[in-house]
Amino acid sequence: LQAIMEDSALREDYIPAREGAGNLIYLGYVVYKGPVLVDPYLRPPKRYKNETDEEYETREMAFQAHKNNWNPIRFRTPHPAQVLLNPFEGKQPTRAVEIQTMCARDVQDLTAKKSKSRKYAEEYHVGSRQDPYETLTLLHYWTDSWHHVKLLDGEDLYTERNPLGYVPFIQAYAGFGRQSTSSDKVDPSSMAVGILHSTMDTIRLQAQRSIARHQLLMSNAFAQIRSSREPTEVAQQLQRGDIIHGDEGDFGIMPTPQIQSGLADLGSEYEADIELGTSVRDLMGRRQPGVITVGQQGMINAQAQKKYTAPSIQNEHLWSIMGTRTLQVVDSVLKQTIGAKGKLLRPTDIEHFYPVRISFGQIDVIMEMELKRIGMAEADRRIISKADYRQNYARMENESEVDLRLLQEMYEEDPFLVQVKARKFAQAIGDEEDYEESVRLRDEMSRAKQQRPSSERLQPQGPPQGPPQGQPAQAPGQA
């Protein structure tokens with residue numbers, strides 16, 4: 001499932017999860033579309049009348065290669081302004097209106113295809129004087145059972161059953177806003193609040209400060225010249241680039257306003273207020289003064305990331321819903337195997353069981369190494385099992401496959417099995433005599449070690465002992 005969803009997301013020209021996270025942060029509201037089907041039918045090639053066996057086999061091989069990586073599922077992140085949903089119906093609404101723009105030629109091809117297989121379809125024709133690349137606006141009306149498409153000017157195009165069985169849109173709020181307290185006004189805009197909403201006034205003040213400083217800079221850099229002589233004559237000489245004659249006191253610079261010392265520090269207050277209301281710079285890799293250890297920096301980063309806890313939970317839950325729907329589509333809509341990245345997802349693997357939980361974990365290399373060390377220590381002390389360590393600390397996707405590989409390694413490392421394989425290899429390369437000789441020498445050395453008398457065994461040597469208490473130490477050579 002992970003391979004399928006990653007492949008589906010990467011087939012778009014943007015990363016849907018990243019785009020959705022940005023909408024949650026900056027707009028306070030996100031809409032996802034998916035999973036939708038772009039090519040729901042996979043048919044084997046038909047043999048042409050005058051086609052040779054070699055040509056047909058080539059197309060059959062290409063079909064089998066495409067079949068193993070056939071993935072018709074897509075995920076998209078439309079702008080919230082392009083989709084109209086009931087804001088109070090929950091994350092999975094039952095009705096939706098979508099705005100889509102297409103060129104006239106594409107609309108003609110789409111309606112021509114739909115008219116061949118749909119009863120309620122009107123074919124759109126591009127006029128002889130119409131630009132085939134003219135942009136048309138389409139409206140899509142979605143329910144759990146039906147899908148209706150029409151032009152914005154009112155011309156109906158086609159109506160079809162919704163094969164998915166659900167409205168392919170989900171929505172969520174980031175959690176930066178609050179519900180309106182007014183009982184006579186229903187306005188979801190109070191819920192769709194981005195992270196910059198609380199600091200907009202400060203951002204405006206900071207922009208005004210920057211403009212004022214720039215104006216002061218330009219006033220000082222291009223200050224007007226004052227002169228006690230005829231101004232028209234001086235201006236003409238300056239314009240021609242002539243050398244102006246006169247005394248030092250005849251010319252000067254007009255006085256310009258200067259920034260007071262107290263106003264120079266006003267910008268730091270604005271920056272601090274914006275940083276507290278939005279994102280801390282420590283998350284960008286900057287280290288604060290006085291922070292010298294990895295643990296201190298980790299605690300600061302963990303505290304700064306709490307601001308994004310609610311949007312992260314919402315984003316993970318929405319993608320878990322789309323993961324559940326993906327299993328549902330494969331099991332009950334497509335009813336055939338799909339694949340991506342060399343992995344297959346079969347309906348028999350699902351067996352009508354759809355629960356999925358998706359998370360987007362931020363992995364810090366240093367913290368990850370520390371967590372693995374803690375997990376290994378807990379596994380050694382039998383606080384957790386080795387399976388829990390592999391799943392929760394080592395983040396292994398398929399722990400059962402790891403168990404099988406470990407059992408295979410234990411089997412292959414068995415000394416008797418290694419000896420049997422070595423004998424077969426020696427027979428294969430014609431070196432059986434040397435192998436038998438090496439086995440004989442190894443057996444003789446093993447028997448010699450077992451028959452060694454106990455007096456020849458090495459005794460443990462301790463520190464040198466001094467003479468008994470009360471006796472003088474004897475010099476070497478004295479009895």
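**Notes on the predicted model**

1. Arg440 counts as partly exposed, at 35% relative accessibility (buried is under 20% relative accessible area, exposed over 50%, partly exposed in between, with a 1.4 Å probe and protein chains only). Glu437 is likewise partly exposed, at 33%. The side chains of these two residues, Arg440 and Glu437, meet in a salt bridge of 2.2 Å, N to O (a side-chain nitrogen of Lys or Arg within 4 Å of a carboxyl oxygen of Asp or Glu). Both lie in helix 16, 3 residues apart, about one turn of the helix. A network of salt bridges links Glu437, Arg440 and Glu444.

2. This is a predicted model, in which local features need pLDDT of at least 70, side-chain atom pairs count only at pLDDT 80 or more, and totals for chains, interfaces and linings use all residues. Residues are numbered from 1 along each chain as its sequence is written, and side-chain values use heavy atoms, with hydrogens and water left out. Helices (H or I, at least four residues) and strands (E, at least two) are DSSP runs, numbered from the N terminus.

3. The salt bridge count comes to 12. One of them joins Arg423 and Glu436, at 2.4 Å from N to O. Arg423 lies in helix 15 (residues 415-429) and Glu436 in helix 16 (residues 432-451), so the pair ties together parts that are 13 residues apart in sequence. Arg423 is partly exposed at 28% relative accessible area, and Glu436 is partly exposed at 31%.

4. Lys114 forms a salt bridge with Glu160, with the closest N and O atoms 3.2 Å apart. Since Lys114 belongs to helix 4 (residues 104-117) and Glu160 to strand 8 (residues 156-161), the pair ties together parts 46 residues apart in sequence. Both Lys114 and Glu160 are buried.

5. An open sheet is formed by 3 strands in the order 2-1-9, with antiparallel pairing (two strands pair if DSSP finds at least two bridges between them). Strand 2 and strand 9 (169-173) stand at the edges, each with a single partner strand, so one side of each is left without a neighbour in the sheet. Strand 1 (residues 29-37) pairs with strand 2 over 3 bridges, and Lys33 has Arg76 in strand 2 as its bridge partner.

6. In helix 1 (residues 2-10), the buried residues are Ala3, Ile4, Met5, Asp7, Ser8 and Ala9. These buried residues pack against several elements, including helix 2 (16-26), strand 2 (73-76) and helix 10 (309-334), where contact means heavy atoms within 4.5 Å.
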